[in-house]
Amino acid sequence: MSEPRAVAETGTAAAAGTGPQGPAAAGTGPQGPAAATTFSKSEMMIVAAARELAGQRVCFVGVGLPNIAVNLARRTVAPNLELVYESGVFGAIPARLPLSIGDPTIVTGATAVVSMFELFSFYLQGGLVDVGFLGAAQIDRFGNMNSTVIGDYEHPKTRLPGSGGACEIAINARQVFVIMRQSKRSFVAEIDFRTSPGNLGGAETAARARREQGWLGRGPSVVVTDLAIFHFDETGEMRLDSIHPGATLDQVRETMGWEPKMADRPVTTPTPTPEELRLIREELDPEGAYTK
Amino acid sequence: MSKVRSMRDAVADLVHDGDVVAIEGFTHLICFAAGHEIIRQRKRDLTLARLTPDLIYDQMVAAGTARKLVFSWLGNPGVGGLHAIRRRVEDAVPAGEDPAPLELEEYSHFGMVGRYTAGASNLPFFPLRSYFETDLPKANPLIRPIRSPFGDETVYAVPPLKPDVTVVHAQRADAHGNTQMWGLLGCQKEAAFAAKRVIVVVEDLVDEMVIRADPNRTVIPGLIVDAVVVEPFGAHPSYVQGAYDRDNHFYRDWDAIAREAVTTQAWLEEWVYGVSGRAEYVEKLGADRVSSLRPSGEAPSGSVDYGVYR
């Protein structure tokens, strides 16, 4: 994927003072040893995404960043999370972080291994998936996503992987979580190709389409980036709710192709705990494949 | 009657220029040995179908075997793009010159699974609740809306896919082609039943009684199989559950190899044209590399009792 790779920049809890609410905002983070721990933007993003999964039951895991976020969630906020992989696994308990979503470690010890027909027909289209966790190359303010091409479809500037299961996950999962690094190239006013529908042109059109076409999903509910957390407001548009420690509001705005709506008081995302960082660094991604 | 053949004979007899070929297997059980033999025999103008073209089709495209890809996710999982294919798409130049443009026909995963399912079941289409409000039906006019005959709901339909040849890799089969596999099943069964001809490639050839002792594990019956090829390590750098791991290092290495046409061709010279077949490839890979890919421990399934009923 040509997903832009952010250069690892480290933040510290002390730098949380650069957040929108000044130093006091750091107080929303866990106190104690974490305050002295450094962490990268990618680690903050993965931790924030994992925490969003608290209380969720069945999660369909996409390739790339979602893979590490859900595996962290299962070890922290959502121990009962059932991981569904499009390769045909329900109830995976991977012993190592799989590089691909078809790794043998997701098979050994799983609840069920089924054909892809069964996975997509009965589990996903049948309505059993609570959260579809996706990434993309481009996203717009309504959470519509592109993972197909940059430029014209017939003569693309960059040929991306395409839908895979993303298009049907966006339509049939009860809700969609998005994790991606933000930049002017990825957060765009207009996506070049709609691979996975979000809130279309706004909440009203999206609600009508979902009703008339019998979608099971409510669409996107959260976007977690390397700088911030967005949820979707009643108009179906992304709303900036939380800025990660180390990031500034200016940085968030400069890396978006539109002026974001904002919560009355955007908060500062609580810093990663030592345990969350330990899990990422020692258990999930010791080689730094996802967090570099 | 035994269907056991050499890879060379199976490919020579069953894969023809211009065929629609599906080497299936979702991450797991991708038969690189068959793909490499197709390259060595310089088959041409193939339409290559797979959900995820993966490294095997990047190599086959780079070698000039293909004119068209039918797929749903075009990438190197966890690593990046498929550069040889991208060169034929992004830098396409007029036909006849190199690199010639590659035709793409794309679906979503469920769409591809549905296409094989319709092909295997002799149905004119497969209906699914995908593609709503996306640009995919515009990009591929074979994805079409269809009205339910039982109400006013509209869903999308995709056409059947019936490969001329499907290649399936598996843990074991008997000489008749009765094939058992475990781990990720992808849509190997659907792709095999949809095909006119089927080549099964296995790690182990077993006695018919081994198959009959565990009939629930049989995914493909010998009835639809034309050739059985015994090719240990034939899926590398893909993997075989319980036998060897995915060679993730090679998947990462390929990213650098495939970035330039010249390094890609040099790799093909060394590892495909430069060896006579899979046995020589495995020897070249070396015992250390092979043993490093063995599972770190055993995880046997329990056994079940089918019972005797006379």
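At what angle do helix 1 of chain A and helix 2 of chain A pack, and how far apart are their axes? In this predicted model, local features need pLDDT of at least 70 and side-chain atom pairs count only at pLDDT 80 or more, whereas totals for chains, interfaces and linings use all residues. Residues are numbered from 1 along each chain as its sequence is written, and chains are lettered from A and ligands numbered from 1 in the order in which they are written.

Helix 1 (residues 41–52) and helix 2 (residues 65–75) of chain A pack at about 60°, with their axes 8 Å apart. Axes are lines fitted to C-alpha atoms, for helices over the stretch in contact, and angles run from 0 to 180 degrees between N-to-C directions. The two helices of chain A are therefore oblique to each other; angles under 35 degrees count as roughly parallel, over 145 as roughly antiparallel, 65 to 115 as roughly perpendicular and the rest as oblique. Ile46(A), Val47(A), Ala49(A) and Ala50(A) of helix 1 meet Leu65(A), Ile68(A), Ala69(A), Leu72(A) and Ala73(A) of helix 2, two residues being in contact if their C-beta atoms, placed from the backbone, lie within 7 Å. This contact comprises nine nonpolar, no polar and no charged residues (Ala, Val, Leu, Ile, Met, Phe, Trp, Tyr, Cys and Pro count as nonpolar, Asp, Glu, Lys and Arg as charged, and the others, Gly among them, as polar).

In chain B, the axes of helix 2 (residues 32–40) and helix 3 (residues 54–62) come within 10 Å and cross at roughly 5°. Helix 2 of chain B is therefore roughly parallel to helix 3 of chain B. Phe32(B), Gly35(B), Ile38(B) and Ile39(B) of helix 2 form the contact with Ile56(B), Gln59(B) and Met60(B) of helix 3. Five of these residues are nonpolar, two are polar and none is charged.

Chain B as a whole has twelve helices and 13 strands; helices (H or I, at least four residues) and strands (E, at least two) are DSSP runs, numbered from the N terminus. Its C-alpha atoms fill a box of roughly 55 × 55 × 35 Å along the principal axes.

The contact between the chains takes 44 residues from chain A and 45 residues from chain B. On the chain B side, two or more residues come from each of helix 4 (83–90), helix 5 (109–120), helix 6 (136–139) and helix 7 (188–194). Helix 5 of chain B gives the most, with four residues. The chain B side divides into 17 nonpolar, 17 polar and eleven charged residues.
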